[in-house]
Amino acid sequence: MISARTLLASALLAFAMTPNASAWQSAPQGCNDTMHDDFDFWVGEWNVYAPDDGPYQGHNSITRAQGGCLITERWRGASGSTGESMNFYDPLVGAWRQVWVSPGNFIDYTGGLNADGAMELTGEIHNTGNGVRAPFRGVWTLQDDGSVRQHFQQQGSDGSWSDWFVGIYVRQETDPRAAEAAAARGE
């Protein structure tokens, strides 16, 4: 049988081996520098439509996490497609970086705000089904009405760029077509 003295000695030893108590009590500082705010215009709950009042394309939930150091994306397309991304200012390269993962594609690209204030990233896409890799770029532009235009392009083997996806992000809480979007989601 274990004595009370043995239990007390074990507890004191365990406490002595733990890191300084103040290390557990103080939270690390988040990412508060101005460059960490560059992509905040994309944070929110969005209904996404094709351009020119086109049909509903899907829903995207964009949230800040990890003390403002990370922006996460969760996409659910109208056709059932899904995907997620991690977006962050990478201090190791001095640029914004997005890593997108879906059942069909993996995208990794970097960049930052362009001269017009849009987020512009360039890198590479990898199609997980056929193994094809290609140069890829994306631009997120805040519109005057508060919507965000997302424009992705992939470079072909001949060097030409073609649209991969173009979507207009409308905040759910102010979306005049919200009922249409909800019906498309089966709500």
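A: In this predicted model, the protein chain reads α-α-β-β-β-β-β-β-β-β-β-β-α along the sequence. Its inventory is three helices and 10 strands. The 10 strands form a closed barrel in the order 1-2-3-4-5-6-7-8-9-10, and their pairing is antiparallel. From one strand to the next, the twist averages 25 degrees. One of the pairings joins strand 5 (residues 95–101) to strand 6 (residues 105–113), antiparallel and over six bridges; there, valine 101 lies opposite phenylalanine 106 of strand 6.

Of the 187 residues in the protein chain, 34% count as buried. Asparagine 60 is buried because its relative accessible area is 0%, and a residue counts as buried under 20%.

Leaving aside residues up to four places away in sequence, asparagine 60 touches Trp42, Gly44, Glu45, Trp46, Val48, Glu73, Arg74, Trp75 and Tyr169. The side chain of asparagine 60 makes a polar contact with the side chain of tyrosine 169, at 2.7 Å. The asparagine 60 side chain also reaches the backbone nitrogen of tryptophan 75, at 3.4 Å. As for glutamate 84, this residue is 24 residues from asparagine 60 in sequence, and the C-alpha to C-alpha separation in space is 9.4 Å.

Returning to the whole protein chain, among contacts between residues at least 6 apart in sequence, 34% join residues at least 24 apart. The chain exposes about 11,200 Å², of which carbon and sulfur atoms supply 55%.

Definitions and conventions: Residues are numbered from 1 along each chain as its sequence is written. This is a predicted model: local features need pLDDT of at least 70, side-chain atom pairs count only at pLDDT 80 or more; totals for chains, interfaces and linings use all residues. Side-chain values use heavy atoms; hydrogens and water are left out. Helices (H or I, at least four residues) and strands (E, at least two) are DSSP runs, numbered from the N terminus. Buried means under 20% relative accessible area, exposed over 50%, partly exposed in between (1.4 Å probe, protein chains only). Contact means heavy atoms within 4.5 Å. Accessible areas come from the Shrake-Rupley method with a 1.4 Å probe; for residues, only the protein chains shown count as cover. Two strands pair if DSSP finds at least two bridges between them. Axes are lines fitted to C-alpha atoms, for helices over the stretch in contact, and angles run from 0 to 180 degrees between N-to-C directions. A polar contact is a pair of N or O atoms within 3.5 Å; within protein, one must be able to donate a hydrogen and the other to accept it, and residues adjacent in sequence count only if both atoms are side-chain atoms.
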